[in-house]
Amino acid sequence: MARQQDSRTRTCSQRGCTKALRARGLCGTHYNQTLPSRHQKKTVACVTCGQIVERAGGGGRRFGFTCSDRCRALLTHGETCELPPDHWARMYGATCPWSPPKLPARFDCQWCGAEFRSRQPNARYCGPRCSKGAGRRLRRAREFNAPGVYTWTQVTRLWIAFDRCCAYCRDSVPLDFIQAEHVVPLSKGGRNDLRNLLPSCAACNRDKGAHSLKAWALRRAVRGLRPVVTTWRHDDRRYAHLASGLAE
């Protein structure tokens, strides 16, 4: 331990060098200078045009040495290459003839219905928010083996049809705070499509939970909470929507 600590405090034996000792009385820089250089330049001929150039490297290259980017492109792609020598596509090994990059294609988000652009050929969602929303919908449906699917576009249309209000407490709710509430809970055999959904605020959706409409109304009455709309007549649009499954 003492010998190792002493070697760390000693310096290079070269005059004027104060770096720490590494090997054979020299620092790392001076010791490497005593070794055969692996990056020593040598005179070689370009394998494409035959021009004599100086290139560094000990073992040579896979396809030989070239004098310029143009000769390298001719060696890689042949005489049909029409890319400029300084074109970015040469960095990625693009084949010739060169064609301009494709513009992002237009897609419709499968969750919110918004139009967006993407270079991915199978893009489905416009962003992480829509991707996570669709993932939660599918995860809950798989958890309870519930049939049917819905999109946020359908929920938005349903929210507009109910005057932008919660279907239970009748309070006005912004679109960013509206939630899709399953009238018959998924845990009790309810479907996961539009015919089993109503727009709800977060408070009503959280308070209803996995209860039926009748049980939820009784629980609210026992706790002395404000009554909510849980029964509808045949001429009510809620009844028409749940009966027909239309959100128009």
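1. What does the protein average in pLDDT, and what share of the residues score at least 70? The average is 80, and 78% of the residues score at least 70; pLDDT is the predictor's confidence in each residue, on a scale from 0 to 100. Over residues 1–5 the pLDDT is below 50, and that stretch has zero contacts in the model beyond near neighbours in sequence (contact means heavy atoms within 4.5 Å). Where pLDDT is low, the predicted coordinates should not be read in detail.

2. A word on ground rules. This is a predicted model, with local features needing pLDDT of at least 70 and side-chain atom pairs counting only at pLDDT 80 or more, while totals for chains, interfaces and linings use all residues. Residues are numbered from 1 along each chain as its sequence is written, and side-chain values use heavy atoms, with hydrogens and water left out.

3. On the overall layout: the protein has eight helices and six strands, counted as DSSP runs (H or I, at least four residues, for helices; E, at least two, for strands) and numbered from the N terminus. Along the sequence the pattern reads α-α-β-β-α-β-β-α-α-β-β-α-α-α. Of the contacts with a separation of 6 or more, 34% link residues 24 or more positions apart.

4. On burial: buried residues make up 29% of the 248 residues. Here buried means under 20% relative accessible area, exposed over 50%, and partly exposed in between (1.4 Å probe, protein chains only). The accessible surface comes to about 17400 Å², and 51% of that belongs to carbon and sulfur atoms; these areas come from the Shrake-Rupley method with a 1.4 Å probe.

5. Have a look at helix α4, residues 128–144. Its 17 residues reach 25 Å from first C-alpha to last, close to the 24 Å expected at 1.5 Å a residue (the expected span is 1.5 Å times one less than the number of residues). C130, G133, A134, R137 and A141 are its buried residues. They cover an arc of only 95° around the axis, so they sit on the same side of α4; the arc is taken from the directions from the helix axis to the C-beta atoms. P128, R129, K132, R142 and E143 are exposed on the other side. Just after α4, N145 takes a positive phi of about 55°.

6. Then there's R238, in helix α8 (residues 237–244). R238 is buried, at a relative accessible area of 4%. Its side chain reaches the backbone oxygen of A167 at 3.0 Å. Leaving aside residues up to four places away in sequence, R238 touches F162, C166, A167, R170 and W232.

How values were computed. A polar contact is a pair of N or O atoms within 3.5 Å; within protein, one must be able to donate a hydrogen and the other to accept it, and residues adjacent in sequence count only if both atoms are side-chain atoms.
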